[in-house]
Amino acid sequence: MKYLVAFSLILILLAPVPSLALGLGDAQEQLEEAGGAAYGEDAETEIEAVIGDIINALLSISGVVFLVLMVYGGYLWMTAHGNEDAVKKAKSVLTAAFIGIIIVVLAYGITYFVIEQLLNTTSSPEGFKPSPF
C-alpha cells in the first residue's frame with residue numbers, strides 16, 4: 001500500500017515534465033510572440049503580468065499542497081483502525097489543511113480587492129481599466 005501511495009504522488013508531481021522535456025513550452029512562447037506581433041503588441045512582458053503569473057503559480061502550489069494534505073489526512077483516518085491517537089492526528093492534519101486553504105483564499109481575495117481599488121482610484125486615461133492580475 002505504501003508503494004502505491006508513493007507511486008501515485010510521484011506521478012502527480014511529475015505530470016508536467018513530459019511537456020517540458022519535449023520543448024512544448026518553447027512552442028507556446030513562439031506562438032504568443034507571433035500573436036503579439038500580429039496584433040501590434042510588444043513581445044516584452046510588463047511587470048504586472050509577471051507578478052500576476054507569480055501569484056497564480058503560488059496559488060497553484062498552495063492548492064496542490066492542500067490536496068496532498070487532505071489525501072494524507074484521509075489516509076491516516078482510514079488506516080487508524082479505531083486507534084484514538086491516529087484519528088486525533090488525522091483530524092488535526094485535516095483541520096490544519098482546511099484552515100490553511102481558507103487563509104490563502106482570503107488573503108488572495110483581500111489583495112485582489114485592495115489592488116483593484118488602488119488601480120481604480122489612481123489617475124488613468126478615460127475608459128482604461130487595467131486588470132490587477
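How much accessible surface does the chain have, and what share of it belongs to carbon and sulfur atoms? The accessible surface comes to about 10800 Å², and 69% of it belongs to carbon and sulfur atoms, where accessible areas come from the Shrake-Rupley method with a 1.4 Å probe and, for residues, only the protein chains shown count as cover. This is a predicted model, in which local features need pLDDT of at least 70 and side-chain atom pairs count only at pLDDT 80 or more, while totals for chains, interfaces and linings use all residues. Residues are numbered from 1 along each chain as its sequence is written, and side-chain values use heavy atoms, with hydrogens and water left out.

The confidence of the prediction, given as pLDDT (the predictor's confidence in each residue, from 0 to 100), has a mean of 78 over the chain, and 66% of the residues reach 70 or more. Confidence is lowest in helix H2 (residues 17-21), with a mean of 49, and highest in H5, with a mean of 90. Where pLDDT is low, the predicted coordinates should not be read in detail.

The chain has five helices and zero strands, both being DSSP runs numbered from the N terminus (helices H or I, at least four residues; strands E, at least two). Of the 133 residues in the chain, 9% are buried, a word that here means under 20% relative accessible area, with exposed meaning over 50% and partly exposed in between (1.4 Å probe, protein chains only). Among the contacts with a separation of 6 or more, 41% are between residues 24 or more positions apart, a contact being heavy atoms within 4.5 Å.

Helix H4 has 32 residues and reaches 47 Å from its first C-alpha to its last, close to the 46 Å expected at 1.5 Å a residue; the expected span is 1.5 Å times one less than the number of residues. In H4, Gly52, Gly73 and Leu76 are buried, and what covers the buried residues of H4 includes helix H5 (84-121). A nonpolar surface patch is formed by Ile47, Val50, Ile51, Ile54, Leu58, Ile61, Val65, Leu69 and Tyr72, which together have about 800 Å² of accessible area. Such patches are made of residues with over 30% relative accessible area and no salt bridge, with like charges joined within 9 Å and nonpolar side chains (Val, Leu, Ile, Met, Phe, Trp, Tyr) within 5 Å; a salt bridge is a side-chain nitrogen of Lys or Arg within 4 Å of a carboxyl oxygen of Asp or Glu. Valine 50, found in H4 (residues 47-78), is partly exposed, with a relative accessible area of 35%.

In the loop between H4 and H5 lies histidine 81, which is exposed at 75% relative accessibility and has a positive phi of about 55° although it is not a glycine. Most residues other than glycine have a negative phi.

The 38 residues of H5 should span 56 Å at 1.5 Å a residue, which agrees with the 55 Å between its end C-alpha atoms. Val87, Ala90, Val93, Leu94, Ala97 and Ile101 are buried in H5, and their cover includes H4. Leucine 94, with a relative accessible area of 18%, is in contact with Leu69, Met70, Gly73, Gly74 and Trp77, leaving aside its neighbours within four places in sequence. Serine 92, also placed in H5, is partly exposed at 42%, and its C-alpha is 8.2 Å from that of glycine 73, 19 residues away in sequence.
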